[in-house]
Amino acid sequence: MISEKIKQLLARPMLVVMIFFLPLIGTIISSSFLAKVESDSKVPVALVDQDQSKMSTQVINRLQETKEIQFLSMNEEQARKQLAKNKIDSIFVFPKGFQQEVEAGNYQGVIDLLTLPSSIATGAVREVMASEVTRLTTNVKAANEVRFLYKVYNIHAAPDLWKEAYRYTDNQWKPQPLMTIDYEVKGTKHTKQGSVQTTGYVPLWGFFTLLICCITSDWMIKERRHLFKRMKTMQKGLHGYIRSVSAAYAVLYALQALISFALFKWLYGVESYGVLLYMCIYVIVCVAFSTWLASESQRVGSYYMISVVMVTGISIIGGSFFPVGELSATIERISQWLPQHLLLYQHALPLTFIWKEVAVSIVCISLCWFKIVWNVRSIK
């Protein structure tokens, strides 16, 4: 009966578009829009490299990895024009001889600054610049000290000793993970970094999937008055019919999750197949939740309005749009008990380490189904 119902649902073109395409289209458009807003909100700062040395290039590459400030490489003429038009906040110039000054241990005034009185990020960028120059001078001093000690103790030094000492010192600046997790799979030990939350395409996909689930669950209201009464006289009964329809929708949404994961992997480079597992668990929660919500409603119009409000509210608290920790620590703790939290892992962890999220999802599905059965029994 489930396979027959799936065929019936697939025969409806509009329903197929809603299930398979609308969540994907909404996710891609929204993620692109949010990425553009985030990029536009960054303070633009120009970097002018007149030295064209390895060290100046190294500093610029590191600065451009900064997420909070938008560093733009350009020549001095372009930078001055942009600054005059207030299109950039300030200009930092690496003058000729920058690398020589750093190698000599000088770190005061090795970078020139051009700014306007209206600048808002000069102080912050100056601190970042100072930290990078300090890093370079520290590396140079350490490498010089190693070379000096080799000479003092008459130790044979390799031709690239200074470079190796510099590289070794530079690597010490790289931060290590604050937490690692050791676990065993079939006797093989693995070490995985602590989970990193994100508010990218997968959480946005969760919002649109739940929203479309609620819209497509309106069959519960439309069929209640006529079809449900007739189904009570059938051999499998009304409960069997509702189970079959819900299972058919769950299969279609799981297939949609598989297609979405494949597209995300192609577009954004999703690394772990654990993300797909969590997406499948999430869509089952979505089907159960939307079917329960429809079983509580009497009119289609009010159901659509209530479902949009509830889905939006749950998604906001669940962190689908932005890190809720920025709003309140209390909201962040609440979000950890919502199914949306399954989708907030950039690198999916094993199920044993997100047992809380999985347990909450199972409880949510069970409670929704219990209430659906209760509501169906009250239908006269």
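This is a short tour of one protein model, stop by stop.

**Before you start**

The model is predicted, so local features need pLDDT of at least 70 and side-chain atom pairs count only at pLDDT 80 or more, while totals for chains, interfaces and linings use all residues. Residues are numbered from 1 along each chain as its sequence is written, and side-chain values use heavy atoms, with hydrogens and water left out.

Helices (H or I, at least four residues) and strands (E, at least two) are DSSP runs, numbered from the N terminus. Buried means under 20% relative accessible area, exposed means over 50%, and partly exposed lies in between (1.4 Å probe, protein chains only).

**Stop 1: a nonpolar patch**

Select Met14, Val17, Phe21, Leu22, Ile25 and Ile29. Together they make a nonpolar surface patch of about 560 Å². Patch residues have over 30% relative accessible area and no salt bridge; nonpolar side chains (Val, Leu, Ile, Met, Phe, Trp, Tyr) are joined within 5 Å, like charges within 9 Å. The areas come from the Shrake-Rupley method with a 1.4 Å probe, and for residues only the protein chains shown count as cover.

Now color by helix. H2 (13-20) and H3 (22-40) each supply at least two residues of the patch. Which helix gives the largest share of the nonpolar patch? H3 does, with 3 residues. Next, click on Phe21. Phe21 sits in the loop between H2 and H3. Its relative accessible area is 45%, so Phe21 counts as partly exposed.

**Stop 2**

Most residues other than glycine have a negative phi. Go to Gln52 for an exception: its phi is positive, near 55 degrees, and it is not a glycine. Gln52 lies in the loop between strand S1 (43-49) and H4. With a relative accessible area of 60%, Gln52 is exposed.

Move on to Asn154. Asn154 is not a glycine either, yet its phi is positive, about 55 degrees. Look for Asn154 in the loop between H7 and H8. Is Asn154 buried or exposed? Asn154 is exposed, at 70% relative accessible area.

**Stop 3: salt bridges**

A salt bridge here is a side-chain nitrogen of Lys or Arg within 4 Å of a carboxyl oxygen of Asp or Glu. By this rule there are 7 salt bridges.

Select Arg135 and Asp170. Their side chains meet in a salt bridge, 2.9 Å from N to O. Arg135 is in helix H7 (residues 122-152) and Asp170 in helix H8 (residues 161-171), so this pair links distant parts of the chain, 35 residues apart. Both residues are buried.

Next, pick Asp218 and Lys222. The closest N and O atoms of this salt bridge are 3.1 Å apart. Asp218 is buried, with a relative accessible area of 11%. Lys222 is exposed, at 52%.

Then show Lys371 and Glu296. Their salt bridge spans 2.8 Å, N to O. Lys371 lies in helix H16 (residues 355-377), and Glu296 lies in the loop between helix H13 (274-295) and helix H14 (300-318), so the pair ties together parts 75 residues apart in sequence. Lys371 is partly exposed at 29% relative accessibility. Glu296 is partly exposed at 35%.

**Stop 4**

Rolling a probe the size of a water molecule over the atoms shows where empty space is left. The search uses a 1 Å grid over the protein atoms alone. A pocket is an open set of points with protein on both sides within 12 Å along at least five of seven lines; a cavity is a set where a 1.4 Å probe fits but cannot get out; lining residues have an atom within 4 Å of a point. Points are joined across faces, edges and corners, and a volume is the space filled by probe spheres set on them.

The second largest pocket holds about 340 Å³. Its lining includes Lys54, Gln99, Trp162 and Asp170. H8 gives the largest share of that lining, 6 residues.

**Stop 5: the largest cavity**

How many cavities of 30 Å³ or more does the structure hold? It holds 1. The largest cavity has a volume of about 40 Å³. Select some of its lining, including Cys213, Trp219, Tyr249 and Val287.
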